[in-house]
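Here are a few notes to read with the structure open beside you.

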Amino acid sequence: MTNEDKAGLQLDSKKAAARVGLTSDEIIINGGSPLKGRIKVRGAKNLATKAMVASLLGNSESVLTNVPNISDVRVVAGLLALHGVLVTRGESGEWRLDPTNVEVAHKADIDAHAGSSRIPILFCGPLLHRLGEAFIPDLGGCRIGDRPIDFHLDALRAFGAVIEKQPMGISLEAPNGLKGANIELPYPSVGATEQVLLTAVLAEGTTELRNAAIEPEIVDLICILQKMGAIISIEPNRVIFIEGVEKLRGYRHDAIFDRNEVASWAAAALATKGDVYIEGAKQEEMMTFLNVFRKVGGDFDVEHDGIRFYHPGGDLKPVVIETDVHPGFMTDWQQPLVVALTQAIGTSTIHETVYENRFGFTDALNKMGADITVYKEGLGDPSRRVNRREFEQAAVITGPTPLTGADIEVPDLRGGFSHLIAALTATGQTKVTNLGIISRGYENFIEKLRLLGADFIYEG
Ligand code: EPU
């Protein structure tokens with residue numbers, strides 16, 4: 001990472017922290033004690049933010065509950081408010097979104113949100129439907145690869161949007177309205193699938209989307225759109241049909257639980273030899289993760305209102321994992337699990353096939369004593385590689401290696417959580433900086449650490 005990148009990251013981190021009221025950007029953790037106790041998982045970041053955008057499509061107020069208090073939600077709320085949506089945050093994760101008076105926002109105000117999140121790209125279809133024009137700031141999100149938006153733009157063009165690149169972002173118009181389209185995605189991209197859904201529901205005619213992503217958060221978004229009046233069917237083999245309708249109403253919906261938050265705390269329980277009950281976690285959406293958790297040597301009990309994750313004693317075992325789209329092993333699950341794998345006896349391999357550059361977090365783990373080698377070449381058959389670029393795609397972890405405290409900097413959201421786990425697992429003291437990045441996706445994580453008995457100093 002260049003010094004300029006580092007400075008940018010620190011700035012992002014401070015801004016993200018401030019959005020959710022965290023006043024300090026660092027924590028000192030005294031590692032070595034198991035995490036034990038009970039926490040509650042919140043609604044998924046990767047659904048809640050999109051559901052908020054969907055509210056723009058309705059002609060009446062929407063109510064979303066179980067919304068996490070994370071900075072990405074604040075960014076989307078800010079952008080909605082700029083476009084005239086009346087946004088009201090109620091008690092315990094309820095957000096009311098009234099789009100009755102949607103209006104064009106000033107470009108300079110929109111630009112103030114540049115670089116804060118990936119979600120603004122999803123405003124394109126809804127704003128084109130509501131206002132006939134849209135301006136989208138340059139995007140942000142985690143630095144885990146190039147993260148292009150070509151699938152999004154190609155899909156929007158297929159609906160009839162005219163797109164112009166401008167110095168501060170992109171501007172879009174739909175001179176002849178948006179019409180249903182036949183689209184095949186080059187890859188089952190989560191964001192591009194959401195883009196098509198949010199655009200097709202009010203487009204004239206039918207849209208057929210092939211090679212669509214079918215993550216549980218996407219199915220939950222489809223449920224929301226159906227509540228609003230949309231007609232969408234999920235067919236076999238990643239095909240989604242959307243019959244455009246003339247108008248949609250507001251919705252009331254409880255956001256699906258955050259699978260990434262569950263996997264992260266579960267991995268923390270395993271690495272620290274702990275025992276954590278996660279209220280709100282559900283088995284069906286976590287099946288692939290649960291299989292791997294068990295293979296590594298962890299155990300879990302599925303109860304009616306959550307899942308207990310624990311280290312049952314004995315040695316942890318190495319695994320070979322390939323990240324994939326749903327129902328495969330999520331790319332967001334590998335980083336927290338890698339810390340537990342540093343404690344397994346033998347060699348584990350993680351092959352990252354979704355993003356080109358998602359192993360930056362391993363430098364800090366090596367500094368703490370881990371033995372992780374990152375390979376630019378993907379492993380195995382070339383068809384399993386991310387075919388866009390030659391980047392860091394496979395990590396080989398040799399364990400067990402005791403971890404010792406160090407000063408480390410959070411590089412991205414999921415990598416940052418893995419740094420917290422490493423600090424909790426290590427002997428001695430670890431200072432973790434750029435903590436605000438973690439608040440982009442984990443609600444009240446400091447409070448949850450406290451609830452689970454972690455030993456730390458946080459002055460905020
Ligand atoms: N891609 C393109 N062109 C595009 C869009 C995507 O080449 O126009 C590539 C990406 O560069 C990547 C792959 O396709 O290599 C998959 O990207 P996808 O569009 O599926 O990801 P996303 O929608 O940008 C969401 C989550 C990510 C999660 C991925 C995969 C949100 C806001 N983000 O990203 O979550 O890792 O799907 O499940 O929903 C996180 O929460 O930390 C996070 C990064």
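Predicted model: local features only at pLDDT ≥ 70, side-chain atom pairs only at ≥ 80, totals over all residues.

1. Now look at how K50 faces the ligand: one of its polar side-chain atoms sits 2.6 Å from a ligand oxygen atom. D332 also uses its side chain, with an N or O atom 2.9 Å from an oxygen atom of the ligand. P148 does it through the backbone instead, where an N or O atom lies 3.3 Å from a ligand oxygen. How much of the ligand does the protein bury? On its own the ligand would expose 830 Å², and the protein buries 95% of that.

2. Next, the inside of the protein. Nonpolar side chains tend to be buried together in soluble globular proteins. Here the largest nonpolar core has 149 residues, and I27, L172, L225, W265 and F309 touch the most other members. Helix 9 (residues 259-271) gives this core its largest share, nine residues. Both domain 1 (3-41 + 257-457) and domain 2 (45-254) put at least three residues into this core.

3. If you skip its neighbours within four places in sequence, I27 is in contact with L420, T430, K431, V432, L435, I446, L449, F456, I457 and Y458.

Definitions and conventions. Residues numbered from 1 in each chain as written. Heavy atoms only, no water. Core = buried A, V, L, I, M, F, W, Y, C linked by side-chain atoms within 4.5 Å. Buried < 20%, exposed > 50% of the residue type's maximum accessible area, 1.4 Å probe, protein only. Helix = DSSP H or I, 4+ residues; strand = E, 2+ residues; numbered from the N terminus. Domains from an automatic or database assignment. Contact = heavy atoms within 4.5 Å. Polar contact = N/O pair within 3.5 Å; in protein donor to acceptor, adjacent residues only side chain to side chain. Areas by Shrake-Rupley, 256 points an atom, 1.4 Å probe, with all protein chains shown as cover.
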